Amino acid sequence: MKCKITNKMINPFMSFGKMPIANGFINKDQFSEEFFFEMQVGFNEEISLFQLNDHPKPEKMFNNNYPFFTSSSDYMKNHFRDYSMFVKKFIKPDSNIVEIGSNDGTFLKNFVNDKNKIIGFEPSQNVAEIAKKNKIPTLNEFFNKKSVENLNDFLNKTDLICASNVICHIPNLTELIESVDMLLSKNGTFVFEEPYLGSMFEKVSYDQIYDEHIYMFSASSVSKIFKIFNFALVDVIPQPTHGGSLRYIIKRKGNEVSSNVSKIIEYETKIGLDKLSSCLNFKIQCEESKKKILNKINSYKKNGKSICGYAATSKSTTILNYCNINSNHIDYICDTTKEKIGKFSPGMHIPIKDMDYFHKNQTDCVYLFAWNHKKEIFNKEKYFKGEWFSHVEL
Ligand code: DWN
């Protein structure tokens, strides 16, 4: 595949095999027409960017039936309230604010009572509808040059653009940054947070890689990419969300840069996060992780234990399909999302049940697929007497 920023060929270093749409939960009558793509990953050393070799068209993933809602986690709701407090230092009482991939409006709702003019871009119609119902100004569109070019009130007049767990979903980073450039005021700030490549390598949480996650960023890659477009990474702040994320603060070139940036880039260089060699090491660790989890599950089964999954996350699609774990291993996956309940997991077709089912049917062992929400979930399920496990350390 050609890198969309440098236009150079990148050779994939690893394949996770055939993958379905990570959030493509389906009914039985759709099994035969399910879409799959070969999920290979590559690394562009020139800009230190970890990326998918190929990905389904965005419309195949983000449409009228997107089943992920930011508000499904109380912890994340609090996180977004704190995030909104953090960004207030970048705005005036009447500043314009844009969010890219605003989902159900969990973040923007923290601004609706202020004098700020806000707009969220959300391409999944069912999710955008929820935000609109909650009176959060939302455009049901992908964020690109075409969708921003007629926003006269916002062009060059937006003091703050935010995004969370979204920039890695956008294939054309060049157009993304050019669209940000069209909106941002002279002293405007672009803040986004994403799962961190360094945390994924450390935890061997390869389940962060799926169709929607086209890129895994680091401070090194973000700094190099934005430099090409005359922007600068001026600060970077680690976040505990999604197993370890980084919050990137971007401004037009010429602004003061925090020492956090050079510190983290030095650290990344020291551990080789900017080199293909760490990816090759990660590949070996993924293969070991796969063997380990299969041994664990097979040993539970041999000992007559029942197993279910907890939370039908996008991430679980990668684990189940890469490790070939199906309903012979896992009886069902419980989840709180009504749009997933009653359907089957992508590719492996494990039934999705509601939480009531989980509480009424005592299972011996539970694969925690939402390991990133373990604190919140363990707190809710403190009366569960069985054994929790996952491919990452709990
Ligand atoms: O980037 C993305 C992240 C932010 O959200 C998207 N590409 C899609 C999605 O990924 P995910 O599905 O892996 O996200 P979570 O937040 O790890 O998991 C959400 C799922 O877990 C939902 O289906 C709801 C479920 N869940 C649950 O059943 N009980 C979540 C919590 C916290 C719970 O207590």
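Which residues does Ser223 touch, not counting residues up to four places away in sequence? The first legend below takes this up. The model is predicted, so local features need pLDDT of at least 70 and side-chain atom pairs count only at pLDDT 80 or more, while totals for chains, interfaces and linings use all residues. Residues are numbered from 1 along each chain as its sequence is written, and side-chain values use heavy atoms, with hydrogens and water left out.

View 1. Ser223 touches Leu233 and Ile265, where contact means heavy atoms within 4.5 Å. Helix α7 covers residues 219-228 and holds Ser223; helices are DSSP runs (H or I, at least four residues), numbered from the N terminus.

View 2. Lys340 places a polar side-chain atom 2.6 Å from an oxygen atom of the ligand. Ser314 comes in through a backbone N or O atom, 2.8 Å from a ligand oxygen atom, and His213 through a polar side-chain atom at 3.0 Å from an oxygen atom of the ligand. The protein buries 97% of the 700 Å² that the ligand exposes when taken alone (Shrake-Rupley method, 1.4 Å probe).

**View 3. The shell around the ligand.** The ligand is surrounded by 25 residues, the closest being Glu212, Lys315, Lys340, His373 and Lys380; a residue counts if one of its heavy atoms lies within 4 Å. Helix α12 gives the most, with three residues. By class the shell has seven nonpolar, twelve polar and six charged residues. Here Asp, Glu, Lys and Arg count as charged, Ala, Val, Leu, Ile, Met, Phe, Trp, Tyr, Cys and Pro as nonpolar, and the others, Gly among them, as polar.

**View 4. The largest cavity.** A cavity is a set of points on a 1 Å grid over the protein atoms alone where a 1.4 Å probe fits but cannot get out, and lining residues have an atom within 4 Å of a point. About 30 Å³ of space lies in the largest cavity, a volume being the space filled by probe spheres set on the points. Its lining includes Tyr196, His242 and Trp371, and has three nonpolar, six polar and no charged residues.

**View 5. The second largest pocket.** This pocket has a volume of about 520 Å³; a pocket is an open set with protein on both sides within 12 Å along at least five of seven lines. Among its 21 lining residues, Asn23, Gly24, Phe25, Ile26 and Gln30 lie nearest its centre.

Key:
A polar contact is a pair of N or O atoms within 3.5 Å; within protein, one must be able to donate a hydrogen and the other to accept it, and residues adjacent in sequence count only if both atoms are side-chain atoms. Helices (H or I, at least four residues) and strands (E, at least two) are DSSP runs, numbered from the N terminus.
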